[in-house]
Amino acid sequence: MTVIRSWLYVPGDRPDRIAKALAGPADAVIVDLEDAVSVAAKEDARRTVLKTLAEGAEFFVRVNAPATPAGEADVAALAAASDKPLGVRVPKAEDPAELRRVADALGVPVYPILESALGVENALALATAHPLVAGISLGEADLAADLRATGADALTWPRSRIVVAARAAGLPNPVQSVWTAVRDLDGLRVSTEAGRRAGFFGRSVIHPAQIPVVHEVCAPDPAETAWARELLGRLESSGEAAWIDDHGQFVDAAIVARARWVLALAESGEKHVADPANSGPAPENDVTVAT
């Protein structure tokens with residue numbers, strides 16, 4: 001099982017930052033053609049993405065909204081390229097038919113970002129729109145603006161809606177939206193911990209300094225990992241379908257599934273060790289706009 005904890009956005013018109021991001025500690029890199037790139041630089045960013053893909057780099061791409069001219073050009077360019085990204089994030093997702101057109105054109109995993117009231121209402125339809133839909137997530141800044149909401153409480157229901165829709169569709173738990181206060185790593189930790197409790201897993205980030213915090217929050221604690229190993233070891237040796245464990249807790253298929261997930265997280269953490277040299281204070285001019 002491939003477990004992605006951190007999804008680092010990097011501007012598509014900055015090849016220097018793309019190279020740095022690809023060499024850094026993020027589990028996944030998203031080269032952004034949308035919010036992080038000015039209108040005047042869209043074509044340059046598109047060429048940079050195609051060139052970097054042709055050089056053999058592996059990363060995800062966030063295209064512009066497919067219904068816009070820039071989005072149409074992004075999808076057409078990627079569809080015609082012989083070297084494809086690992087997947088494509090599709091912003092402003094509202095229409096399942098439009099999402100199907102993108103998936104059919106690209107033939108790679110697609111990740112719709114729901115950023116409006118209509119997108120949230122259509123969450124399950126978008127999550128099940130095409131076999132290539134690999135995950136759904138929220139764009140919380142745009143959604144709050146569409147809802148005309150200023151309080152965080154207004155996003156509680158949409159967040160739950162996304163989690164339920166993703167799991168109902170058999171998709172991974174949603175990736176949490178970006179934490180825009182780049183210097184506030186304590187706030188990032190609190191928010192990410194709350195997101196995990198609410199059913200999110202992993203987080204989009206806009207600076208390498210945020211990555212270690214996200215990785216730490218996503219890692220199971222040693223006691224949880226030991227519990228999972230013990231439980232699965234007993235399952236393998238005994239073949240029991242259900243039993244009462246040594247702590248008096250009933251164990252069935254749902255608990256076994258949880259144990260397998262915990263071990264997958266633990267093994268992912270062993271394979272992806274964040275390099276502290278790649279993190280540090282977040283300078284004001286080194287932030288990707290990815291909301």
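Helices (H or I, at least four residues) and strands (E, at least two) are runs assigned by DSSP and numbered from the N terminus. The structure described with these elements is a predicted model, in which local features need pLDDT of at least 70 and side-chain atom pairs count only at pLDDT 80 or more, while totals for chains, interfaces and linings use all residues. Residues are numbered from 1 along each chain as its sequence is written, and side-chain values use heavy atoms, with hydrogens and water left out.

Rolling a probe the size of a water molecule over the atoms shows where empty space is left. On a 1 Å grid over the protein atoms alone, a pocket is an open set of points where a 1.4 Å probe fits, with protein on both sides within 12 Å along at least five of seven lines, whereas a cavity is a set of points where that probe fits but cannot get out; lining residues have an atom within 4 Å of a point. Grid points are joined across faces, edges and corners, and a volume is the space filled by probe spheres set on the points.

The largest pocket has a volume of about 620 Å³. Its lining is made up of 25 residues, of which Leu171, Pro172, Asn173, Phe201 and Trp261 are the closest to the centre. When Ala, Val, Leu, Ile, Met, Phe, Trp, Tyr, Cys and Pro count as nonpolar, Asp, Glu, Lys and Arg as charged, and the others, Gly among them, as polar, the lining of the largest pocket has 15 nonpolar, 6 polar and 4 charged residues.

The second largest pocket has a volume of about 320 Å³, and of the 18 residues that line it, Glu140, Arg159, Trp179, Ser191 and Arg203 are the closest to its centre. Helices α7 (140-147), α8 (156-168) and α9 (185-198) each supply at least two residues of this lining, with α9 giving the most, namely 4 residues. By class, the lining of the second largest pocket divides into 7 nonpolar, 8 polar and 3 charged residues.

Side chains of opposite charge can pair when their charged atoms come close. A salt bridge is a side-chain nitrogen of Lys or Arg within 4 Å of a carboxyl oxygen of Asp or Glu, and the structure holds 15 of them. In one of these, glutamate 140 pairs with arginine 159, the closest N and O atoms being 2.8 Å apart; this links distant parts of the chain, since glutamate 140 is in helix α7 and arginine 159 in helix α8, 19 residues apart. Residues are called buried under 20% relative accessible area, exposed over 50%, and partly exposed in between (1.4 Å probe, protein chains only). Glutamate 140, at 12%, is therefore buried, while arginine 159, at 27%, counts as partly exposed.

Arginine 62 and aspartate 32 meet in another salt bridge (2.8 Å, N to O), which joins strand β3 (residues 60-62) to strand β2 (residues 28-32) across 30 residues of the chain. Arginine 62 has a relative accessible area of 1% and is buried, as is aspartate 32 at 0%. This pair belongs to a network of salt bridges that links Asp32, Glu34, Asp35, Arg62, Lys92 and Glu115. Lysine 92 is found in the loop between β4 (87-90) and α4 (96-106), where its phi is near 55°, a positive value in a residue other than glycine; at 31% relative accessibility, lysine 92 counts as partly exposed.

A further salt bridge, between arginine 46 and aspartate 74 (2.7 Å, N to O), has both of its residues buried. Because arginine 46 lies in helix α2 (residues 42-54) and aspartate 74 in helix α3 (residues 69-80), the pair ties together parts that are 28 residues apart in sequence.

Helix α1 (residues 15-22) has Arg17, Ile18 and Ala21 as its buried residues. Seen down the axis of α1, these fall within an arc of 105°, so they line one face of the helix, the arc being that of the directions from the helix axis to the C-beta atoms. The cover over the buried residues of α1, with contact meaning heavy atoms within 4.5 Å, includes β1 (6-11), β2 and α2.
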